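Visitor: Here is a model I would like to go through. Please take me through the salt bridges and the core.

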Amino acid sequence: MKVELEADKCVASGQCVLAAMDVFDQDDDGIAVLLAEQPGPELLDDVKEAIAVCPAAAIRLIEQ
């Protein structure tokens, strides 16, 4: 799987970090930062949760 983050859409809510802290972080302005573009399958549920709770719909999952 591959995760794509459109940082320019991010509204700095931090929900992605709460859902998948091994995949996302926030910069000093609160904007989401992608830590793992291709996280392991054990993080799939966390990534799906982050996508579901993102208020800006800035995260996409591409299953390869």
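Visitor: What makes the pairing of glutamate 4 and arginine 60 a salt bridge?

Guide: This is a predicted model, in which local features need pLDDT of at least 70, side-chain atom pairs count only at pLDDT 80 or more, and totals for chains, interfaces and linings use all residues. Residues are numbered from 1 along each chain as its sequence is written, and side-chain values use heavy atoms, with hydrogens and water left out. A salt bridge is a side-chain nitrogen of Lys or Arg within 4 Å of a carboxyl oxygen of Asp or Glu. The side chains of glutamate 4 and arginine 60 meet at 2.6 Å, N to O, so the pair qualifies by that rule.

Visitor: Why is glutamate 4 called partly exposed?

Guide: Buried means under 20% relative accessible area, exposed over 50%, and partly exposed in between (1.4 Å probe, protein chains only). Glutamate 4 has 24% relative accessibility, so it counts as partly exposed. Arginine 60, at 45%, is partly exposed too.

Visitor: What makes arginine 60 and glutamate 6 a salt bridge?

Guide: Their side chains meet at 4.0 Å, N to O. Salt bridges that share partners join Glu4, Glu6, Lys9 and Arg60 into one network.

Visitor: Which residues touch the most other members of the largest nonpolar core?

Guide: Such a core is a set of buried Ala, Val, Leu, Ile, Met, Phe, Trp, Tyr and Cys residues joined through side-chain atoms within 4.5 Å. Of its 16 residues, Cys16, Val23, Phe24, Ala50 and Ile59 touch the most other members.
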